[in-house]
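Dear colleague,

Please find below the structure that I am handing over to you, followed by an account of what was found in it.

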Amino acid sequence: MRLFRYLLRPTYAQKLSLLTTLPLIVAGTAIAVLVGYQSRSLAEREIQALELQLLEAKKAELRNYVTQARNGFAHIYGLAAPDDAEAKERVTQILSAMIYGKDGFFFVYDYDGTNLVSPRQTEFINRNWTGLTDSAGVPVVDEFIRLARIGAGWHSFTWEKPSTGEEAQMIAYVLGLQDWQWAIGTGVFIDDVLASVAASRAEVEARVQRTFFYIGGITLVSLVLVFASGMFLNLRERRLADAKLKELTQRVFDAQEEERGRVARELHDGISQLLVGVRYALDNTRRRLSRGDSDGAAAPLEKGADNLLTAITEVRRISRDLRPAVLDDLGLGPALKALTDDFAARTGIETEFSTVVFRNRLDQDAKIALYRIAQEALTNIERHAEASKVSIDLRGHTKGATMRITDNGRGLPPRDARSGPGIGLRNMQERIEQLDGALRILSSRGTQSGTVIEASLPLSHLLPPGEEGTPVQLP
């Protein structure tokens, strides 16, 4: 039930997955339409070629019939005069006897339109049919006569089938006997051809529909697979993101507790001891003054003042480590300069800081990130590197800003010897990645040992020229 409610109310990622399926739907539809159009076009050309081939076969058959009929009475027609009634009668008898199949017969019309031979429809004989048309208005007898006058030709029209009494499409071949002014011919019904063509078209349409169904089914299955994969990946990424968020939250808590512990230790071990010393010195001074020993009270009072000055210095150092005021007031360059000077004074390691003369144009997030990276790097160098020389270089360029920290220490251990990335290096990496920057760490061991940490920020973290801070000139 929870999954069902989850599907009914999709998240932004799921909506995005649904949106990405639209091109697949459009592509599937376009492919189906294109395939259907191409299939119909190809099939129509094939059907037309088949129809033409069948009709040509019918026409050749008709011409052969007429040629055979003429050969059957050629010996009579060739010797007869134009007005030889006996010869004409013999020819009409021969043609009347030439019937074939269920509907095949020969017909004869004179050029005046009178029917002379029609063995299957005898009611046509000896009647004038000039102007006769079929049910569609196509001239029949007049066209026979026209074709006969020019020699021969084919004519297509609708005619009643003698065997069924129903109209059907017919093709006739007509030959002219110019001496007698006769138009003789025969025809064949092509309803079987038309039926074959119609069946072919129906089969093509059914095949196209099946193709549509196949493409639609494949597209649907693809959509289901894409959406299911997106849902699976979304759930998996969500679980991973939740786990990473919990881990990050725990690390933030750990870092906070570690920082609180460090501050507490410094306050207890440093400031608290100094203030206790100041209190003892003041008590000693008060007792000596109460006894009237003014000369003896000067020494503990001076010692208490020195301890108080040291405590003030420690408070300033702790405050600067937590949030250096110079970073907000003067910018990153002076803050790094103060950090390196303090590092050199505290550790005795030779430290060099260099930068180009450029305006304080980094945004606040970038300044804090680079300062904390430098702070973390110097802490690691102090604890682990055993270095004698450290250099920090900061400069801006056309692609953004780069800070490079180099030491000549013993370098990082080999990757396979590490138990995992240290929290310091991991903090550096995460700080720079949050700003779309890049962190490179190069390390070597041996005679040319040392470590190079290079942090780069993109140009997007440099403020426009009108919003920069005060110019910074470092010696």
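Which residues are linked with Arg346 in a network of salt bridges? The network consists of Asp342, Arg346 and Glu382, a salt bridge being a side-chain nitrogen of Lys or Arg within 4 Å of a carboxyl oxygen of Asp or Glu.

Please note that this is a predicted model, in which local features need pLDDT of at least 70 and side-chain atom pairs count only at pLDDT 80 or more, whereas totals for chains, interfaces and linings use all residues. Residues are numbered from 1 along each chain as its sequence is written, and side-chain values use heavy atoms, with hydrogens and water left out.

The sheet

Five strands make up an open sheet of mixed pairing, in the order β6-β7-β8-β10-β9. Strands are DSSP runs of E with at least two residues, helices are runs of H or I with at least four, and both are numbered from the N terminus; two strands pair if DSSP finds at least two bridges between them. At the edges lie β6 (350–355) and β9 (438–444), each of which pairs on one side only. From one strand to the next, the twist averages 10 degrees (axes are lines fitted to C-alpha atoms, for helices over the stretch in contact, and angles run from 0 to 180 degrees between N-to-C directions).

Six bridges join β6 to β7 (residues 389–397) in the parallel sense, and threonine 351 stands opposite valine 390 in β7. Helix α8 (residues 332–347) packs on the sheet, where it touches β6, β7 and β8 (400–407); contact means heavy atoms within 4.5 Å. The direction of α8 makes about 170 degrees with that of β6. Helix α9 (residues 364–385) also packs on the sheet, touching β7, β8 and β10 (450–458), and its direction makes about 10 degrees with that of β8.

Salt bridges

The whole structure contains ten salt bridges. In one of them, arginine 410 meets glutamate 386 at 3.7 Å, N to O. This pair links the loop between β8 and α10 (423–434), which holds arginine 410, to the loop between α9 and β7, which holds glutamate 386, 24 residues apart. Glutamate 386 is exposed at 66% relative accessibility (buried means under 20% relative accessible area, exposed over 50%, partly exposed in between, with a 1.4 Å probe and protein chains only).

Glutamate 454 and arginine 440 form another salt bridge, with their closest N and O atoms 3.2 Å apart. Glutamate 454 belongs to strand β10 and arginine 440 to strand β9. Glutamate 454 is buried at 15%, whereas arginine 440 is partly exposed at 45%.

With kind regards
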